[in-house]
Amino acid sequence: MSVNLNGVINGCQVFVPLMKDAGECGIIVNTGSKQGITCPPGNLAYNVSKAGVKVYTEGLEHELRQRGGGEAGPRRLRAHLLVPGWVNTSIVRKQRRAEQGAAYREEEVPFHEGRPAAGAWMPDQLVAFFMDELRKGTFYIICPDNEVDIETDNLRMQWAMQDITERRPPLSRWHDDYKEDFTAYLQAAAENSKTNNQEKQQEEDKKATCANNQQPAEKKRRMGEEQNQEKL
């Protein structure tokens, strides 16, 4: 908590006023986590800290939006929430090496940049995605990875929020009485997505066919016009 949450708050409280006084354009990017949104059981302190980062950054962006621009001129400062997916980093590797000392075994580290996990993105992939979303002005920069796509992330987050609106128990995704419902929810969404993609492809194929059929007629019409002009 002291690092993940208080570190973010303290850092913003120190630097945001300085950035405001500088009068130049700038951005504040705080790193959250999907666990701070869907809150899977098993790591409560981490979930709380990252949920706090999300809420704090939302409030900070609102404050900057309300106070920036207007008569004071164009808005200069913005806040963004970066939520990485699974990324091949050396955090675990460095932590174990520091903690275990001579007992450290490289082969016991599950993954790192030098031995990447297939399901995780490399850091440069995350940076590229982050920069693209930043250029778009996206506040919630939710990054996918090689195992979880954007659609699945969205469905998981929607289900978590619906625990409230549907009056389900908290964390129902992992609740014995709702696990099957959650699986069915994902499967139904996948089927709908597949159907929509097929319909979209059929519509595109239909348009392409119509365009191809019109080309000979258009070509014939132009040739006729050219021949008429030659006669004149």
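I take a disulfide to be a pair of cysteine sulfur atoms within 2.5 Å. By this rule I count zero disulfides.

**Ground rules.** I'm working on a predicted model, where local features need pLDDT of at least 70, side-chain atom pairs count only at pLDDT 80 or more, and totals for chains, interfaces and linings use all residues. Residues are numbered from 1 along each chain as its sequence is written, and side-chain values use heavy atoms, with hydrogens and water left out.

**Cysteines.** I looked up Cys25, which is in no disulfide: its nearest cysteine sulfur belongs to Cys12 and is 18 Å away. Cys25 has 67% relative accessibility, so I note it as exposed (over 50% relative accessible area; under 20% is buried and in between is partly exposed, with a 1.4 Å probe and protein chains only). Cys39 is in no disulfide either; there the nearest cysteine sulfur is that of Cys143, 18 Å away. Cys39 comes out as partly exposed because its relative accessibility is 25%.

**Thr38.** I then checked Thr38, which sits in helix α2, residues 35–38. Is Thr38 buried or exposed? I get buried, because its relative accessibility is 11%. Which residues is Thr38 in contact with, leaving aside neighbours within four places in sequence? My list reads Arg156, Met157, Ala160, Leu171, Arg173 and Trp174, where contact means heavy atoms within 4.5 Å.

**Secondary structure.** I get seven helices and three strands for the protein chain. Reading from the N terminus, I write down α-β-α-α-β-α-α-β-α-α.

**Overall shape.** The radius of gyration of the protein chain is 26 Å, whereas a compact globule of 232 residues would have one near 17 Å. I take the radius over C-alpha atoms, and the globule rule is 2.2 Å times the number of residues to the power 0.38. Along the principal axes, the C-alpha atoms fill a box of roughly 90 × 55 × 45 Å.

I find 29% of the 232 residues counted as buried. Among contacts with a separation of 6 or more, 59% come from residues 24 or more positions apart.

**Surface and charge.** The accessible surface is about 15700 Å², and carbon and sulfur atoms hold 52% of it (Shrake-Rupley method, 1.4 Å probe). I count 31 positive and 34 negative side chains, with the centres of the two sets 3 Å apart. Lys and Arg are the positive ones, Asp and Glu the negative ones, and His and the chain ends are not counted. I place each charge at NZ of Lys, CZ of Arg, CG of Asp or CD of Glu.

Terms used: Helices (H or I, at least four residues) and strands (E, at least two) are DSSP runs, numbered from the N terminus.
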